[in-house]
Every structure is written in structure tokens, then in C-alpha cells.
Amino acid sequence: MKISMIGTGYVGLSTGIGFAVKGNDVVCVDIDREKVEKINQGVSPIYEPLLEDYLKKVLKDGKFRATTDLKEAIEQTEVSFISVGTPSREDGSIDLKYIEEVSRQIGEVLKGKEYHVVVVKSTVVSETTEKVVIPNLEKSSGKKASESFGVCMNPEFLKEGKAMEDFLKPDRVVIGSIDKKSGDVIERLYENFQAPILRTDLKTAEMIKYASNALLAAKVSFSNEIGNICKLLGINVNDVMRGVGLDSRISGKFLRAGCGYGGSCFPKDVDALIRKAKDLGYDPKLLREVHDLNLRQKVRLVEQLESRMGDLKDKTVCVLGLAFKPDSDDIREASSVFIISKLLEKGANVRAYDPKAITNMKKVFPDIEYPENAKEAIKDSDACLIVTEWKEFKNLSEKDFETMKNRIVIEGRKVLDRNKISGFDGICW
Ligand code: NAD
């Protein structure tokens, strides 16, 4: 099938390349010219395992290209996916400005086009496709949805750090559609994915994505709550959650306690769902607590450091791990950003190291120190906080920590091996 993917970020690029790997002809569209040029040269603008290898392959096979010309891309394709960002507004509600703009632009092109299916892949709150995307498409095309063009909502469930793997082997594919004809087109696209396909209406598909992310966020906040109680009792929460997760009704995934979830999805999606519920006159107490507990958990790590060290003024604190999760360079809403801000506020000197996210972090904190590697970051520091569980931190040895001025090490994520390294503390263990 001929596909255009509009918005070439973490989702658009991974899914665009993924559809090309599956044999489709894909053209990715982005307003960011530099990004488009890089992609066409076979260079991934983001760090994501396997992504660049697949990119090079699909470019070589002639199945994939990128452009800034949305009109030309849509004219030459049968299906267009919208995968632009849907950030939060100040009040936590979803900001649909990119969705609105792109749907108007697509509508313009649909004026002179035969049947085409427009698919919303971005995460949008229920009713967005019906109340924002379709009216924009109809207004600017002068055509009627369902009669002249198809509309689907196909949420994406990939995880950063495993984007290609998740896209190519999804647990399930959800296709919400305005009518059977549009849904059938998108179902054909997923025919060779060997995953269960769930067909729904548009707003159900939108809600499945939010419900999934909210439940995963709740599992993390729940683990943190149990972890905070365990800490008071001198119990290692990691052992507790291992025991809990072995229950097949629960599963051990997303049960790791730590210094809070971050990333471009959970925080904003939980916020947006809370706002949507409030707009409908419903107070989502559980979701509010999931969100608030997550914020408190980030503060806890800094409070724990203060209770060990006292005043942080002029102390050198080394922060290991900046990306919101390992195997990614994404720092959007990362716990590290919040923690570093707090440390700076309290007058500490911060040294930060991450295997992949330093370039992004320098844009947020240009004036802190960025040593070349973890060992150098630890050396001569007064305290060390571990904020992302990168594998390479597991290789740190007792000797590496002996180079610290003051041996205060607190894990915000479980990484270090107690049998090899002594004298560290965990946020919940
Ligand atoms: P992103 O910010 O990384 O990328 C969005 C891209 O859209 C940018 O490259 C931007 O330049 C481009 N863009 C903006 N306006 C445009 C326009 N008018 N025409 C063409 N391109 C335009 O976002 P992302 O992380 O890829 O997320 C995209 C959507 O997918 C969001 O709704 C997000 O919630 C959802 N999602 C994200 C993930 C994830 O792990 N990042 C997972 C599942 C779903």
C-alpha cells in the first residue's frame, strides 16, 4: 500500500519505517527540514535501537523517503497517518494545535483526490477525531467523511527504547473507524502482523490508548506507594514486587518502584484524561492520585539526599542517567529534569552523565557539568543519584565509588548489585 506518515518524530519515524519493512511504500512528512534531510541520508534524528539499521535498509530498497511537501505526499498515496505531537497545555489539557493544522492541510489536498483514508495515530482524547479532525477535513476539502474519504483512529502502543520491536510485533492492533470500508483498508495494512486486531468505533479506539497508559502509570504509582511503606519497614520492595508480579493475573511488568515515571506519554496522557473527565463533570480521584504520587516520588529522592547530607549548598552531586528510560535519548518529562532543577535550586553543583541523552539535556541545562563517562562523573563528587537504569551502570564497581569525596549513593532506580557494591541506599529499598 502507498502510505504517507505526517509527523516524523519517535512514533512517525518508527511506524513509517516499520510499514516500509512490511513491504509498503512510505513517504514521511515533516515540517522540520533538517530532520527530513538527515532521514533521507540514512541518519536517524533520534536514538532508538535498530531504527537506523532499518532506515538504511528501507531507503536502499526504495520503499521509504522523507519530504517536507505534504501535498505531494498525500497526492501519491492511498492512506495518510497523522502522527504529530499532542503535548499538554499549562492546565494539563491536550493541545491539539498540530492535529488541527495537519487535518486542515490534509483536507485541502483531499479536494482533488479520489478515495483516501486518513488515520489518526497520535494519542488524542476521546471525541477528538469526531469533533476536531473530521470537521477540519470536511471543511477544508468541501467533501463528506465516509462518502468521499475514510477516517480511522489507530493508536500506537510502542515503547521508546523498543519502538521497532514493538511496532513489528505488537500485542494487539486497535482500529477505530468511521465505517466498515475505512476500517477494512487499515486492517489489510496489518494483515501480516500476526497480532489480534480489535475493530471499534473512533472514540473507543481513542480511549483504549488512554486507559492503557493510565493503567500502566497506575501500576508504577502503586509500586511506589508500596515501596514507600516498605522503606519505613526495612523491607526491600523489589523482592515484594517480584512476589506480586509472579501472579499471572497481575504480571511483573511496570511494577518497579523508583523515582517516578516520565517520558512523553504517561505524564501528559494521565493529565489529559483527568482534564477530559473534569470537563465531563466527573472527578477522577484515582487518576489524580496516580499523577500526584508520581510528582511526590521525584521530590522524595532529593529529600532523601538532604536527610543524609544536610544542606546541599555547594555540594557536588552526580546524577547518573538523564533519559526518561534506558535505550532512549528522550528527556521529555524525565525525572532527571525535575531532580536536577531541585538540586540547582538548593545550590548544589550538578554533574550529569547519560550514555545517549546529553545532547538533549544540554538544551535544558547548558551550564551544568557533563563528564565523559560515569566513572568521571562519580569521581570527587559528594553524592551520587542514579536516576535511569542504564545497563552500563551495572558494571560500576566498588572501586569506582571509592573515588567519591563522600560516599553517599542513592538509587532512584534499581541498578547496583549489593553483593558487589556496599553502602548505597535505594529510594524504596
Ligand atoms: P514528536 O514530538 O517526537 O514528533 C512529532 C513530529 O511532528 C515532529 O517531528 C514535528 O516536527 C512534526 N510536525 C509538527 N507539525 C507538523 C506538520 N504540520 N506537518 C508535518 N509534521 C509536523 O512526537 P512523538 O513522540 O512521535 O509523538 C507523536 C504522537 O504519538 C503523540 O500524540 C504521542 O502522544 C503519541 N505516542 C507517542 C509515543 C512515544 O513513545 N513517543 C508512543 C505512542 C504514542
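Biologist: Is Arg-413 buried or exposed?

Modeller: This is a predicted model, and in it Arg-413 counts as buried, with a relative accessibility of 13%.

Biologist: And which side chain does Arg-413 meet in a salt bridge?

Modeller: The partner is Glu-389, with 3.9 Å between N and O. Glu-389 sits in the loop between strand 11 (383-386) and helix 16 (398-402), while Arg-413 sits in the loop between strand 12 (408-411) and strand 13 (424-426), so this pair ties together parts that are 24 residues apart in sequence.

Biologist: How many salt bridges are there in total?

Modeller: The count comes to 35. One of them joins Glu-187 and Arg-199, whose closest N and O atoms are 2.5 Å apart. Because Glu-187 belongs to helix 8 (residues 180-189) and Arg-199 to strand 8 (residues 197-200), the pair connects parts that are twelve residues apart in sequence.

Biologist: What's the relative accessible area of Glu-187, and how does Arg-199 count?

Modeller: Glu-187 has a relative accessible area of 29% and is partly exposed, and Arg-199, at 30% relative accessibility, also counts as partly exposed. Both residues belong to a network of salt bridges that links Lys-180, Asp-184, Glu-187 and Arg-199.

Biologist: What about Lys-131, which residue does its side chain meet?

Modeller: Lys-131 forms a salt bridge with Glu-127, at 3.3 Å from N to O. Lys-131 is exposed, its relative accessible area being 55%, whereas Glu-127 counts as partly exposed at 22% relative accessibility.

Biologist: Then let's take helix 11, how many of its residues are buried?

Modeller: Eleven of its 14 residues are buried, so helix 11 is largely enclosed by the rest of the structure. Among the buried ones are Phe-266, Val-270, Leu-273, Ile-274 and Ala-277, but also the charged residues Lys-268, Asp-271 and Lys-276. What covers the buried residues of helix 11 includes helix 9 and helix 12 (285-309).

Biologist: What span should helix 11 have, and what comes after it?

Modeller: At 1.5 Å a residue, the 14 residues of helix 11 (residues 266-279) should span 20 Å, and the end C-alpha atoms are 20 Å apart, which agrees. Helix 11 is followed by Gly-281, which has a positive phi, near 90°.

Biologist: There's a proline in that helix too; what is Pro-267 in contact with?

Modeller: Pro-267 is found in helix 11, where it is buried with a relative accessible area of 9%. Apart from neighbours within four places in sequence, Pro-267 contacts Tyr-261, Gly-262 and Glu-333.

Biologist: Now helix 5, which of its residues are buried?

Modeller: The buried residues of helix 5 are Ile-99, Val-102, Ser-103, Ile-106, Gly-107, Val-109 and Leu-110. They cover an arc of only 160° around the axis, which puts them on the same side of helix 5.

Biologist: What covers that side?

Modeller: The cover over the buried residues of helix 5 includes strand 1 (2-6), helix 4 (70-75), strand 4 (79-82), strand 5 (117-120) and helix 6 (128-141).

Biologist: Stepping back, what radius of gyration would a compact globule have with 429 residues?

Modeller: A compact globule with 429 residues would have a radius of gyration near 22 Å, and the protein has 23 Å, which agrees. Its C-alpha atoms fill a box of roughly 70 × 50 × 40 Å along the principal axes, and 54% of the 429 residues count as buried.

Biologist: And how many helices and strands are there?

Modeller: The secondary structure comes to 16 helices and 13 strands. Among contacts between residues at least 6 apart in sequence, 72% join residues at least 24 apart.

Definitions and conventions
Residues numbered from 1 in each chain as written. Predicted model: local features only at pLDDT ≥ 70, side-chain atom pairs only at ≥ 80, totals over all residues. Heavy atoms only, no water. Buried < 20%, exposed > 50% of the residue type's maximum accessible area, 1.4 Å probe, protein only. Helix = DSSP H or I, 4+ residues; strand = E, 2+ residues; numbered from the N terminus. Arc of directions from axis to C-beta. Contact = heavy atoms within 4.5 Å. Rg over C-alpha atoms; globule rule 2.2 N^0.38 Å. Expected span 1.5 Å × (residues − 1). Salt bridge = Lys/Arg side-chain N within 4 Å of Asp/Glu carboxyl O.
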